[in-house]
Amino acid sequence: MSLIIQENISLKKHNTFSLNVIASQFVEINNKRDFKNLFLHRNLLYEKLLFLGSGSNLLFTGDYLGCVVKINNKGIEIIETKNDTVLVKAFGIVTGK
């Protein structure tokens, strides 16, 4: 199954404060293949990505002008934090920002 990138999606059910903010784009990741395909997807219009787990560690102050990537399975580990960079291991794949 290919990734389905939705536009103008409410994040109300994806954050513990139940704030009705809108994500310009929204995609759900269910497995390693989805994660890899995310970076190959031609319809991903925004470079700005927000990776979202359970939504309990953030507070939206307004709509998100980018793509929210909802990760539906476990297995995320922070490998290293340095200055404004975080190295994350997700699904056995290491990526950084």
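Colleague: Is Asn83 buried or exposed?

Modeller: Asn83 is exposed, at a relative accessible area of 78%. Buried means under 20% relative accessible area, exposed over 50%, and partly exposed in between, with a 1.4 Å probe and protein chains only. Keep in mind that this is a predicted model, where local features need pLDDT of at least 70, side-chain atom pairs count only at pLDDT 80 or more, and totals for chains, interfaces and linings use all residues. Residues are numbered from 1 along each chain as its sequence is written, and side-chain values use heavy atoms, with hydrogens and water left out.

Colleague: Where is Asn83 found?

Modeller: In the loop between strand E5 (76–82) and strand E6 (85–90). Strands (E, at least two residues) and helices (H or I, at least four) are DSSP runs, numbered from the N terminus.

Colleague: And what is phi of Asn83?

Modeller: Near 55 degrees, which is a positive value in a residue other than glycine. Asn8 also has a positive phi, near 50 degrees. Asn8 sits in strand E1 and is exposed, with a relative accessible area of 55%.

Colleague: On to the sheet. In what order do the four strands come?

Modeller: The order is E1-E2-E4-E3, in an open sheet with mixed pairing. Two strands pair if DSSP finds at least two bridges between them. Strand E1 (6–10) and strand E3 (49–52) are the edge strands, each pairing on one side only.

Colleague: What does the twist average?

Modeller: 45 degrees from one strand to the next. Axes are lines fitted to C-alpha atoms, for helices over the stretch in contact, and angles run from 0 to 180 degrees between N-to-C directions.

Colleague: How many bridges join E1 to E2?

Modeller: Four, and E1 runs antiparallel to strand E2 (residues 22–29). Gln6 has Phe26 in E2 as its bridge partner.

Colleague: Different topic. How many aromatic pairs does the count come to?

Modeller: One. Phe35 and Phe51 form a tilted pair, 6.3 Å centre to centre with 45 degrees between the planes. The rule takes rings of Phe, Tyr and Trp (its six-membered ring) whose centres lie within 6.5 Å; planes under 30 degrees apart count as stacked, over 60 as edge-to-face and the rest as tilted.

Colleague: Which parts of the chain does the pair link?

Modeller: Distant ones: Phe35 is in helix H1 (residues 32–38) and Phe51 in strand E3, 16 residues apart. Phe35 is buried at 4% relative accessibility, while Phe51 is partly exposed at 35%.
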